[in-house]
Structures are given as structure tokens and as C-alpha cells.
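Visitor: Could you walk me through this structure, one question at a time?
Guide: Gladly, let's have a look together.

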Amino acid sequence: SITPELFKNSSCGPNGEEDFDLYSLSRPMKSEESIDYFLSHSWHDDPEAKFHVLQQLANSFCRLYGRYPTFWLDKVCIYQANVGG
């Protein structure tokens, strides 16, 4: 679940926990699933504005396709403690 906290410049969890392992929020894709949107975290974007736009996008996608989109967010899907490994 994407929350505004995920777009802030820290490693806080979805409820504001400090030093949260963001990778633990990721999950393997299901065999019938595909990624609809790839997102790259930016340290300079306004996190609240980005979250608002993504909410609108997800709701529009759901109205069109009858399901919410699957997002791949680098900050979550790439294990930040071992980025190069």
C-alpha cells in the first residue's frame, strides 16, 4: 500500500517508524500480474503532491480496468541496505 510517508526523504515506515526496512513492504509478483507503473523516488519532489497525483491515477485506472494498478517503487523494491549488491 502506497502512503505519503513513502515519498518523504527518510527510511520511515508507513506509520512513521524510524529506520524501517522499506524492502519489507515489497512482495513478489503473482504469475498473472504485471507492473503497470514504474516509479523512481525523487528526493526533491513534494511528497504530498506526488501522493495526491498517484491517488488520482490509481482511482482513474481502477475505474477504467476494474482493478487498482501495480506499482514498482524503487525505494521499496530495491533493498536500500545493499543497493549495489
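Visitor: Which side chain does Glu-33 meet in a salt bridge?
Guide: A salt bridge is a side-chain nitrogen of Lys or Arg within 4 Å of a carboxyl oxygen of Asp or Glu. Glu-33 supplies one side chain of such a bridge, with 2.7 Å from N to O. The partner is Arg-27.

Visitor: What kind of model is this, and how are its residues numbered?
Guide: It is a predicted model, where local features need pLDDT of at least 70, side-chain atom pairs count only at pLDDT 80 or more, and totals for chains, interfaces and linings use all residues. Side-chain values use heavy atoms, with hydrogens and water left out, and residues are numbered along each chain as its sequence is written, from 1.

Visitor: Is Glu-33 buried or exposed?
Guide: Relative accessible area decides this: under 20% is buried, over 50% is exposed, and in between is partly exposed (1.4 Å probe, protein chains only). Arg-27 comes out at 48%, so Arg-27 is partly exposed. Glu-33 has 17%, so Glu-33 is buried.

Visitor: How many salt bridges does the whole structure have?
Guide: Besides the bridge of Glu-33 and Arg-27, Asp-36 meets Arg-67 at 2.9 Å, N to O. Asp-45 meets Lys-50 at 3.0 Å, N to O. A search of the whole structure gives a total of 3.

Visitor: How many residues apart are Asp-36 and Arg-67?
Guide: Helices (H or I, at least four residues) and strands (E, at least two) are DSSP runs, numbered from the N terminus. Asp-36 is in the segment before S1, while Arg-67 is in the loop between H1 and S2. This pair links distant parts of the chain, and the separation is 31 residues.

Visitor: Why do the buried residues of H1 lie on the same side?
Guide: The buried residues of H1 are Pro-47, Lys-50, Phe-51, Leu-54, Ala-58 and Phe-61. An arc is taken from the directions from the helix axis to the C-beta atoms. These residues share a side of H1 because their arc around the axis is only 95 degrees.

Visitor: Which residue caps the N-terminal end of H1?
Guide: Look for a polar contact, meaning N or O atoms within 3.5 Å; within protein, one must be able to donate a hydrogen and the other to accept it, and residues adjacent in sequence count only if both atoms are side-chain atoms. The backbone nitrogen of Glu-48 has a side-chain oxygen 2.9 Å away. That oxygen belongs to Asp-46.

Visitor: Are the rings of Tyr-37 and Phe-71 stacked or tilted?
Guide: Rings of Phe, Tyr and Trp (its six-membered ring) pair if their centres lie within 6.5 Å; planes under 30 degrees apart count as stacked, over 60 as edge-to-face and the rest as tilted. The structure holds 4 aromatic pairs. In this one the centres are 5.6 Å apart and the planes are at 25 degrees, so the pair is stacked.

Visitor: And are the rings of Phe-61 and Tyr-65 stacked or tilted?
Guide: Phe-61 and Tyr-65 are 4 residues apart in H1, about one helical turn. Their ring centres are 4.6 Å apart with planes at 45 degrees, so the pair is tilted.
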